[in-house]
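Thanks for asking me to look over this model. Here are my notes, as numbered points you can follow with the structure open beside you.

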Amino acid sequence: MMIAAPQHCGRRVMSMASSVISSSSHRYSCGVRTYSQQRHHYVVSRHHQRASYSSTPVSQKKDPEGGGGIGLGNVHDRVLPSYLHDADQTFRHTKSPKTVSVIGAPMTYGQPFVGTDAGPRLLREAGLLKMLSSLGWRVEDVPDLDFESLGGKEQSYLINAKHSRMVGRGTEMLAALVEEKLQSGAFPLILGGDHSIAIGSLAGILRARPQTGVVWVDAHADINTPAGSESGNMHGMPLGFLMEGVASEYPPGLEWLAAEGAPRLNPDSIVYIGLRDVDPEERKIIRDLGIYAYSMYDIDHYGIGKVMDMALAHLLEKDPNRPLHLSYDIDAVDPAHAPATGTAVRGGLTFREAHYVAEALARNGNLASAEIVELNPTLSDNDGADNTIELGLQLLTSALGKSII
């Protein structure tokens, strides 16, 4: 049962979303290949378990006919900014000259699969920095955060939160960096890594700008806690730890979030887009807190344009100039388009729906930060990995101002 909020109605509409499946075993095992099945495509460091994906950069691939792009037919993705909107009204919360700080957060300990740490490198190799520059951004390329140097790999079995020390210390480091970049007036663009990095990105954002609204694009709600999680994987818990009134305890490594005055997200300050695999405890939290959540049922019913209109109307109702953060999990997109991810679920966003979400936020003008997570090239063949990275690249450039016209 999901909560939606049509603009024409003053109350929330409850709709049965039969497509939202509560199945932990499906979430963590279906639709993905094991690392051993794909090991001939990758080289893995014995010491750090860091995946090194050996493939031609996506931006250099050509189709059989000699044209640019990959995928079905001759595809060429033009990276051009819009000329329909006043430059001063786009990304209005970023100081001029507009600078995007690209932050690599190669976290892999929030979930069970090696490979999410390759995301920042692969996106850069595919041409991200050059594309952002072509959109008119000044680009600051921040070196990847070195989570391995933090230690804390020892596992505590006293609480159901796997690798909590590594995740906690890494996200604390990320929070400080994101806060610093926002205070300098830059646009933080965080490249994951698994979705546990959102603990850090959101904490830093809320410390710098407590009024920020969040658009969470994901197949999953990620609002579990150690007490309610069926898996103990921390990429399913970032909102559980940060949402006001949810977590009652914090595992080792996350003591900084338990301190007095630690950042918290108000349930009225987030909107979900694309949910379709939600655990029973998460359903209850969403319902009890009245969080606005648009499942795939709602997208099918209203269309993605109407859903984005309603989502933005809710977040900007009290303050039309409120800064917004986009947290984009690639598994929100149907695995036909993005197979290289660890928790793939059928029935997701289409290629165009996925882009529309990013484009709508860019055109609104209030987007002030963004992250993309859960790209994992080890969980598909070479073509699937390339297509997923290419899609991630396109979604980021759409969010940062790429436009058809």
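**Notes on the predicted model**

1. Let me begin with one side chain: Trp137 is buried, at a relative accessible area of 6%. Buried here means under 20% relative accessible area, exposed over 50%, and partly exposed in between (1.4 Å probe, protein chains only). This is a predicted model, in which local features need pLDDT of at least 70 and side-chain atom pairs count only at pLDDT 80 or more, while totals for chains, interfaces and linings use all residues. Residues are numbered from 1 along each chain as its sequence is written, and side-chain values use heavy atoms, with hydrogens and water left out.

2. On confidence, the mean pLDDT of the protein is 83, and 77% of its residues reach 70 or more; pLDDT is the predictor's confidence in each residue, from 0 to 100. Over residues 4-74 it stays under 50, although the model has 157 contacts beyond four places in sequence for them. Contact means heavy atoms within 4.5 Å. Where pLDDT is low, the predicted coordinates should not be read in detail.

3. Back to the aromatic rings. Rings of Phe, Tyr and Trp (its six-membered ring) pair if their centres lie within 6.5 Å; planes under 30 degrees apart count as stacked, over 60 as edge-to-face and the rest as tilted. The count by this rule is four aromatic pairs. One of them joins Phe91 and Phe187, edge-to-face, with 5.9 Å centre to centre and 85 degrees between the planes. Phe91 sits in the loop between β4 (51-53) and β5 (99-105) and Phe187 in strand β7 (residues 187-192), 96 residues apart. Helices (H or I, at least four residues) and strands (E, at least two) are DSSP runs, numbered from the N terminus.

4. Phe187 is buried, with a relative accessible area of 0%. Its ring centre is 5.5 Å from that of Trp137 and the planes are at 65 degrees, so this pair is edge-to-face too. Trp137 is in the loop between α4 (128-134) and β6 (138-142) and Phe187 in strand β7, so the pair ties together parts 50 residues apart in sequence. Phe91, Trp137 and Phe187 form one aromatic cluster.

5. Now the sheet. Eight strands make an open sheet with parallel pairing, in the order β6-β5-β7-β12-β11-β8-β9-β10. Two strands pair if DSSP finds at least two bridges between them. The edge strands, β6 and β10 (292-295), each pair on one side only. Strands β5 and β7 are joined by six bridges, and Phe187 in β7 is the bridge partner of Val100.

6. What is in the largest nonpolar core? It has 56 residues, and those with the most contacts inside it are Leu189, Ile273 and Tyr328. Such a core is a set of buried Ala, Val, Leu, Ile, Met, Phe, Trp, Tyr and Cys residues joined through side-chain atoms within 4.5 Å. Helix α11 (residues 304-315) gives the largest share, seven residues. Beyond four places in sequence, the contacts of Leu189 include Val100, Leu128, Ala370 and Leu396.

7. Finally, Leu395 lies in helix α13 and is buried, at 2% relative accessible area. Its contacts beyond four places in sequence include Tyr328, His355 and Ala358. The C-alpha atoms of Leu395 and Ala358 are separated by 6.3 Å, though the two residues are 37 apart along the chain.
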